[in-house]
Amino acid sequence: MPKKVDHEARRSEIAQALWRIASTRGLDGVSLRDVAAEADISLGRLQHYFRTKDEMLLFALRHINVLADRRIRERIGALAPAAGQEPPPRTVLRECLAGMLPLDERSRIGTLVGAAYFARAIHDERLREEAREGIPKLAELFVSLLRSARERGELAEERALDPHTEAMLLISLVDGLTAYTLLGVQTGEEALQRLDAHLDRLFRSDS
């Protein structure tokens, strides 16, 4: 009998080949042939899954976002106490934000790929729409966590600001910390320390 092919697994392998290229030399000069060679498959086989470069880029961007979301959810899930209670808002928020930083080789590659997509998305409407689609959802998650913290009396009084504004500031903060970590201006540990310093100003010390 013919060997059954796991098409989603093959698409994932192609996406990972694209990420390896993007993490070292960006996306501008990448061709379908380059990715096929990196994935160790023929160009014809790759085009069986992706007819154009744009199709491949969109899938790879969506796939990396799914994996990043899964990684953060796993980090949050590991925080749940044995009693089954939900971890406090600050803890969840901190894990989400830390999960967005390039703190190890895996997350560093993912961040480099994201940066390559960002650079290309500035001039590519389809990629731009895809790249910014997740931001409102992420902001809403942070808004809900900040509102919960405020209801529990865990926010510092002088920092009880508009949750929507604060959510976008947190996203912007992590983007800046990420950029400077990738450039070597700071280490991943220093980025975490600065993130924690900001959260210390946002939340009460006993929260």
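The structure is a predicted model, in which local features need pLDDT of at least 70 and side-chain atom pairs count only at pLDDT 80 or more, while totals for chains, interfaces and linings use all residues. Residues are numbered from 1 along each chain as its sequence is written, and side-chain values use heavy atoms, with hydrogens and water left out.

The structure holds 1 aromatic pair (rings of Phe, Tyr and Trp, the last by its six-membered ring, pair if their centres lie within 6.5 Å). This pair is formed by Phe50 and Phe59, whose ring centres are 5.4 Å apart and whose planes make an angle of 45 degrees, a tilted arrangement (planes under 30 degrees apart count as stacked, over 60 as edge-to-face and the rest as tilted). Both Phe50 and Phe59 are buried (under 20% relative accessible area, with exposed meaning over 50% and partly exposed in between, for a 1.4 Å probe and protein chains only). The charged end of Arg11 sits over the ring of Phe50, 5.0 Å from its centre, and also over the ring of Phe59, 5.7 Å from its centre (NZ of Lys or CZ of Arg within 6 Å of the ring centre and within 35 degrees of the ring normal).

Helix H4 comprises residues 53-77 (helices are DSSP runs of H or I with at least four residues, and strands are runs of E with at least two, numbered from the N terminus). Its 25 residues reach 36 Å from the first C-alpha to the last, close to the 36 Å expected at 1.5 Å a residue (the expected span is 1.5 Å times one less than the number of residues). Among the buried residues of H4 are Met56, Leu57, Phe59, Ala60, His63 and Ile64.

H1 and H4 pack at an angle of about 95 degrees, with their axes 9 Å apart (axes are lines fitted to C-alpha atoms, for helices over the stretch in contact, and angles run from 0 to 180 degrees between N-to-C directions). H1 is therefore roughly perpendicular to H4 (65 to 115 degrees, whereas under 35 counts as roughly parallel, over 145 as roughly antiparallel and the rest as oblique). The contact (heavy atoms within 4.5 Å) involves residues of H1 including Arg11, and residues of H4 including Phe59.

Glu86 is placed in the loop between H4 and H5 and, at 70% relative accessibility, counts as exposed. By contrast, Thr181 of helix H8 counts as buried, at 14% relative accessibility.
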